[in-house]
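Please look through the structure below before reading on.

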Amino acid sequence: MKFVDEFRDPEVINKTAEEIRRLVDPARHYRLMEVCGGHTHAIYRFGLKDILPSNIELIHGPGCPVCVLPMGRIDDGLELAKDSNVVFTAFGDMMRVPGVQGSPLEHKARGMDVRIVYSPADALKLAKANPDKHVMFFAIGFETTAPSTALTIIRARAEGIHNFSVFCNHVTIIPAIRAILDSPDMRLDAFIGPGHVSTVIGCRPYEWIAVNEHKPIVVSGFEPLDMLQSIVMLLRQLKAGEAKVENQYKRVVPWEGNRAALKAMSNVFELRPYFEWRGLGFISQSALRIRDNYAEFDAERRFSVPGVRVTDPKAAQCGEVLKGVLKPAQCKLFGRECTPEHPVGALMVSSEGSCAAYYNYEHRKAMATTLAWPA
Amino acid sequence: MAVATDSTTPKIRFREPQIEMAHGAGGIASRRLVEGLFAPLLFRSPNPALNDAASVEIGGVRLALTTDGFVVKPLRFPGGSIGELAINGTVNDLAVSGAKPEAIVASFVLEAGLPTEMLEAEVRAMANAAQQAGVAVVAGDTKVVEHGKADYMYISTTGVGSYLPGIHIDAHSVRLGDKVLLSGPIGDHGITILLARGELDFEADDLRSDTRSVFPLVQAIAREAAPGIRWMRDPTRGGVATSLNELARDCGLGIHIFEGEIPVRDTVRGACELLGLDPLHIANEGQFLAVVAPEYADAAYNALCQCSGGESAVILGEVREQPAGSVLVTTRYGGSRIVDMLVGDPLPRIC
């Protein structure tokens with residue numbers, strides 16, 4: 001398969017892994033954060049930890065949009081869809097994420113009209129096909145998915161479709177990285193930068209990380225070879241005492257980003273003054289809302305939103321895991337009360353969430369004999 | 001309901017307040033429902049072996065007995081339809097239990113308003129599939145529910161089979177060093193259905209469900225390697241990962257499979273890459289897994305490969321001691337990952 005197989009070639013991968021072993025200083029411990037949930041998933045899926053030296057520690061970052069969404073937002077979105085005339089649409093990623101009264105899938109089982117869509121354009125298509133229904137798209141994601149939401153809203157306006165709205169939960173990546181770096185218990189050496197987000201925002205927005213925080217950052221692709229190459233690039237910088245932004249994912253990420261996508265986003269969205277992130281708390285100017293000009297497509301203004309606030313269970317240590325202070329298995333609930341099937345914290349929900357990835361792919365390698373059947 | 005207080009009180013471990021879709025998806029939740037509610041109340045043995053078919057003795061003759069319900073949307077899809085599934089699904093449950101399918105009874109739940117043309121097409125599909133599988137449909141039942149209370153039609157089939165000589169399927173007979181065989185490429189059925197629902201806006205021209213009877217393949221390996229066959233299963237809902245996890249838990253050993261050996265068609269692989277799905281979790285309707293004693297592995301493998309429809313069979317992996325009760329995939333680069341049962345239905349991952 002083109003664009004996949006050449007980045008999974010075992011021979012090249014083994015050579016790159018050798019280079020990593022040559023570059024590491026055995027006396028040093030490296031803490032690298034992969035910002036993006038897609039990277040976390042790839043690390044586990046391809047078993048990359050097994051081929052890295054043990055003194056390279058990969059810390060899973062905040063870049064899983066499902067994981068950082070506060071539970072109350074899900075309840076709000078589902079509340080709007082309790083009207084029998086409303087069709088609730090969302091990406092498959094959202095379907096198992098629990099609200100207080102259950103996940104979208106559970107609501108579907110109880111009779112709510114919940115549909116999985118592959119893109120917001122599919123939701124708009126559904127609205128066109130069902131003029132007597134109101135189709136609401138529950139939008140999530142970083143700058144990766146925000147442009148397609150923006151373009152869909154622009155198209156809905158152009159085509160005069162009125163039975164369509166967006167419940168907007170789009171967030172932006174830079175404030176999250178800043179929050180991580182501002183956290184006092186955080187000690188990171190470098191960042192594996194988000195790949196898909198960077199196709200939109202480009203590499204420039206990361207420059208402050210290198211200049212002000214003196215941390216190397218390499219924007220990386222998602223195949224095993226991409227990630228290993230990015231680690232080589234980070235190790236070279238660390239060895240040379242440098243801190244700069246580099247782009248490993250050049251085949252997809254232009255340095256300046258995607259101007260058309262950025263333009264669509266800024267036409268439709270503006271920054272919210274603040275937004276709550278699960279595990280990280282309120283972060284100012286970290287999320288997008290729909291501009292007044294497109295208010296008719298904003299589900300939050302079109303309907304009355306209950307504004308549910310739900311605090312995470314005290315025992316769940318999602319924030320610490322999200323910031324990389326704790327490993328998933330160090331959380332008290334991990335694998336006991338909190339499992340992929342019955343997630344307590346959001347990191348256990350999405351397969352990109354570090355807890356779910358760790359649970360699915362890793363921990364039973366060691367714990368296989370002692371782990372009880374989830375009750 | 002009378003409450004029994006003696007020591008035989010069945011222990012109901014299923015405590016979930018309502019039935020969710022996941023309880024029917026063939027993964028962890030399904031197993032919990034069966035083990036926690038059905039088994040303690042309905043089965044005589046407290047720890048019944050949960051196989052594809054039960055073994056019953058009638059008048060000194062041991063028979064394999066199985067039943068399966070079919071609800072699929074859409075009813076027709078590239079490569080098959082609900083009618084074919086209803087025959088082949090039950091035929092395959094018998095086949096992987098080591099039995100020759102002999103007779104099937106079918107039960108229909110039809111929705112009022114169902115066009116006769118649609119029903120006829122499915123009955124014809126069943127007749128064809130039964131003929132191809134060499135099995136007789138001997139009885140049936142029909143119920144009709146109000147319009148809107150069913151998705152066109154549901155079919156349930158029950159099958160009885162006679163055991164092939166010298167074959168005994170039991171997860172507990174699996175030993176260290178046994179080989180895991182797979183009959184052919186995986187994921188065709190599940191991805192075909194996912195795309196045929198038309199909810200995802202992409203198409204694949206060359207993709208068809210793999211629905212078929214696997215009995216000829218089972219018969220072929222039984223002929224060459226019957227004493228060495230320890231366990232077989234058709235990896236339907238929940239895919240190969242779920243079937244192998246069930247095996248791992250039942251036998252208490254670790255199942256190792258090699259990523260490089262997993263046969264997946266390019267179209268299925270491409271769809272899985274795009275949708276963020278693992279082919280190991282995708283349903284199949286015409287493949288089976290077999291665990292075979294090492295000394296019989298080559299004979300079984302060769303028999304499969306020489307049989308029509310078994311050409312792309314592989315030795316997928318082997319049974320080791322650790323990780324006990326789990327399935328471990330060794331990646332092409334020597335890394336490894338645990339592969340668990342599917343939780344709920346496979347959902348596309350986008351953001």
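Two residues are in contact if their C-beta atoms, placed from the backbone, lie within 7 Å. By that criterion, in this predicted model, the contact takes 34 residues from chain B and 42 residues from chain A. On the side of chain B that touches chain A, at least two residues each come from helix H1 (28-42), helix H7 (266-275) and strand E14 (336-338). H7(B) gives the most to this side, with 4 residues. By residue class, the side of chain B that touches chain A divides into 14 nonpolar, 10 polar and 10 charged.

Chain A also shows how helices pack within one chain. Helix H5 (residues 120-129) of chain A and H6(A) pack with their axes 8 Å apart, at an angle of about 25°. Angles under 35 degrees count as roughly parallel, and H5(A) is therefore roughly parallel to H6(A). From H5(A), the contact is made by A:Pro120, A:Ala121 and A:Leu124; from H6(A), it is made by A:Ser148, A:Thr149, A:Thr152, A:Arg155 and A:Ala156. These residues divide into 4 nonpolar, 3 polar and 1 charged.

H6 (residues 146-158) of chain A also packs with helix H11 (residues 259-268) of chain A: the two axes come within 8 Å and cross at roughly 60°. H6(A) and H11(A) are therefore oblique to each other. The crossing in which H6(A) passes H11(A) is left-handed. On the H6(A) side the contact has A:Ala146, A:Pro147, A:Ala150, A:Leu151, A:Ile153 and A:Ile154, and these meet A:Ala261, A:Ala264, A:Met265, A:Asn267 and A:Val268 in H11(A). The residues of this contact divide into 10 nonpolar, 1 polar and no charged.

In chain B, helix H2 (residues 82-95) has 14 residues. From its first C-alpha to its last, H2(B) reaches 19 Å, close to the 20 Å expected at 1.5 Å a residue. Is H2(B) largely enclosed by the rest of the structure, or largely open? A residue is buried if 20 or more other C-beta atoms lie within 10 Å of its own. In H2(B), 14 of the 14 residues are buried, so this helix is largely enclosed by the rest of the structure.

B:Arg15, in the segment before H1 of chain B, has 9 C-beta neighbours inside 10 Å and so counts as exposed. Between B:Arg15 and B:Glu117 there are 43 Å in space, C-alpha to C-alpha, and the two are 102 residues apart in sequence.

The remaining points concern the backbone. Most residues other than glycine have a negative phi, and most peptide bonds are trans. In chain B, a cis peptide bond joins B:Lys73 and B:Pro74, with omega about 0°. B:Pro74 lies in the loop between strand E2 (61-70) and strand E3 (76-77) of chain B. A cis peptide bond also joins B:Gln322 and B:Pro323, with omega about -10°. The loop that holds B:Pro323 is between strand E12 (314-320) and strand E13 (327-330) of chain B.

A:His214 has a positive phi, near 55°, and is found in the loop between helix H9 (207-211) and strand E8 (217-219) of chain A. A:His214 counts as exposed because it has 10 C-beta neighbours inside 10 Å. The phi of B:Tyr152 is also positive, near 70°. B:Tyr152 lies in the loop between strand E6 (136-145) and strand E7 (153-163) of chain B. With 19 other C-beta atoms within 10 Å, B:Tyr152 is partly exposed.

Notes: Residues numbered from 1 in each chain as written. Chains lettered and ligands numbered in written order. Predicted model: local features only at pLDDT ≥ 70, side-chain atom pairs only at ≥ 80, totals over all residues. Expected span 1.5 Å × (residues − 1). Buried ≥ 20, exposed ≤ 12 C-beta atoms within 10 Å, placed from the backbone. Axes fitted to C-alpha atoms, helices over the stretch in contact; angles between N-to-C directions. Parallel < 35°, antiparallel > 145°, perpendicular 65-115°, else oblique. Left-handed = near helix turned anticlockwise from the far one by under 90°. Nonpolar A, V, L, I, M, F, W, Y, C, P; charged D, E, K, R; others polar.
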